Amino acid sequence: MLTYALVVTINSNDNDPSIKDGIRTLAEIVHSYNIPVTWVMNPKGVRSVADSLTNWHQDYGDDVVLMLSNFGNIDLRNPEQVVTLREKIPDQIVKQRDQLQNVLNWVDSKIVGASRKNHILVSTLVELGFDGLWGYGLSEEDYGAPFSLFYPSIEHHNFGGLPASEIVAIPFSSTGTTDFCDLLLGNTIHEPLDLYRSNLEWNSWLGFVQQVDASKFSRLSAQCIDLLDGYLCGLVESDVQIHTLSGMVADYRSKFSQTVETYLANDSQFLYYNHQC
């Protein structure tokens, strides 16, 4: 069975009324199929939509994931910079988490998002009690990372391998560099999900993360909205297990203590990874 999570990213500057209308439209469509949404944002983006997020959490099981601010360019070959990062990053993460919880006191997600990553961030998240790190594929540092969930090496955040960390790494999007809204515009929204479905027989577990940019979605036409409605209808009628990101990671961690063998093949390539690579 395919495990699916819908992730919507909201930027801190998404205060345009049209974007807020788009967020409400997206939530209305998705929730009409009882699909929970994982909303990813930094603390600055929360306040303007806090009441809606609380209502959606209570009514549909929506979750909120903290998107960490970047910690800057770090030269991991420079011992002084590494030491400084190790000293500062725990307090930075805790401060941002507290800022989010000051607005939404019900948020208790053990997942965080980050665009810039390294093994120091991964080890720090483990020490702070987090279970998952979302956003793999967002930056050049992630090059070579697996296409689905995995436990990253303690030495290299973007690869599996032993010894492995206790954090589950989560891709930014299972559609790769192809944007969700572009898939709707091209009427190809179903193709990535169909590819993953076609690979289920080779896998004991396979996760699919669908990421939506709230700002881009707010500019879509009514025709694209109708395509989304049809897509979600087909999704809930298929053999797919739908979770928030927290639920997806909890499911993975409950079944596997190390990275499980994972396969993905199409007409032109064959991808594979396990706990050693």
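Reply: A cavity is a set of grid points where a 1.4 Å probe fits but cannot get out, and its lining residues are those with an atom within 4 Å of such a point. Please keep in mind throughout that this is a predicted model.

Me: How many cavities of 30 Å³ or more does the structure hold, and how much space lies in the largest cavity?

Reply: Rolling a probe the size of a water molecule over the atoms shows where empty space is left. Here there are two cavities of 30 Å³ or more, and the largest of them holds about 60 Å³ of space.

Me: Which elements give two or more residues to the lining of the largest cavity, and which gives the most?

Reply: The lining includes Val64, Leu66, Arg97, Leu100, Gln101, Ile111, Val112 and Phe130. Two or more lining residues come from each of strand S3 (63-67), helix H3 (79-103) and strand S4 (111-113), and H3 gives the most, with three residues. Sorted by class, the lining is made up of seven nonpolar, two polar and two charged residues.

Me: Where does Thr9 lie, and which side chain does the side chain of Thr9 join through a polar contact?

Reply: Thr9 lies in strand S1 (residues 2-9) and is buried, with a relative accessible area of 11%. Its side chain is joined to that of Gln211 by a polar contact of 2.9 Å. Beyond four places in sequence, the residues that Thr9 touches include Val40, Trp134, Val212, Asp213 and Ala214.

Me: How many salt bridges does a search of the whole structure find, and what parts of the chain does the pair Glu141 and Arg116 link?

Reply: Side chains of opposite charge can pair when their charged atoms come close. The search finds seven salt bridges, one of them between Glu141 and Arg116, whose closest N and O atoms are 2.7 Å apart. Glu141 sits in the loop between strand S5 (132-136) and strand S6 (168-171), and Arg116 in the loop between S4 and helix H4 (119-127), 25 residues apart. Both are partly exposed, Glu141 at 29% relative accessibility and Arg116 at 22%.

Me: What parts of the chain does the pair Arg253 and Asp131 tie together?

Reply: In this salt bridge the closest N and O atoms are 3.6 Å apart. Because Arg253 lies in helix H9 (residues 245-255) and Asp131 in the loop between H4 and S5, the pair ties together parts that are 122 residues apart in sequence. Arg253 is partly exposed, at 31% relative accessibility.

Me: Asp179 forms a salt bridge with Lys216; is Asp179 buried or exposed?

Reply: Asp179 is buried, with a relative accessible area of 12%, whereas Lys216, at 37%, counts as partly exposed. Their closest N and O atoms are 3.6 Å apart. Asp179 lies in the loop between S6 and helix H5 (180-185) and Lys216 in helix H7 (residues 214-217), so this pair ties together parts that are 37 residues apart in sequence.

Methods
Residues are numbered from 1 along each chain as its sequence is written. This is a predicted model: local features need pLDDT of at least 70, side-chain atom pairs count only at pLDDT 80 or more; totals for chains, interfaces and linings use all residues. Side-chain values use heavy atoms; hydrogens and water are left out. On a 1 Å grid over the protein atoms alone, a cavity is a set of points where a 1.4 Å probe fits but cannot get out, and a pocket is an open set with protein on both sides within 12 Å along at least five of seven lines; lining residues have an atom within 4 Å of a point. Grid points are joined across faces, edges and corners, and a volume is the space filled by probe spheres set on the points. Helices (H or I, at least four residues) and strands (E, at least two) are DSSP runs, numbered from the N terminus. Ala, Val, Leu, Ile, Met, Phe, Trp, Tyr, Cys and Pro count as nonpolar, Asp, Glu, Lys and Arg as charged, and the others, Gly among them, as polar. Buried means under 20% relative accessible area, exposed over 50%, partly exposed in between (1.4 Å probe, protein chains only). A polar contact is a pair of N or O atoms within 3.5 Å; within protein, one must be able to donate a hydrogen and the other to accept it, and residues adjacent in sequence count only if both atoms are side-chain atoms. Contact means heavy atoms within 4.5 Å. A salt bridge is a side-chain nitrogen of Lys or Arg within 4 Å of a carboxyl oxygen of Asp or Glu.
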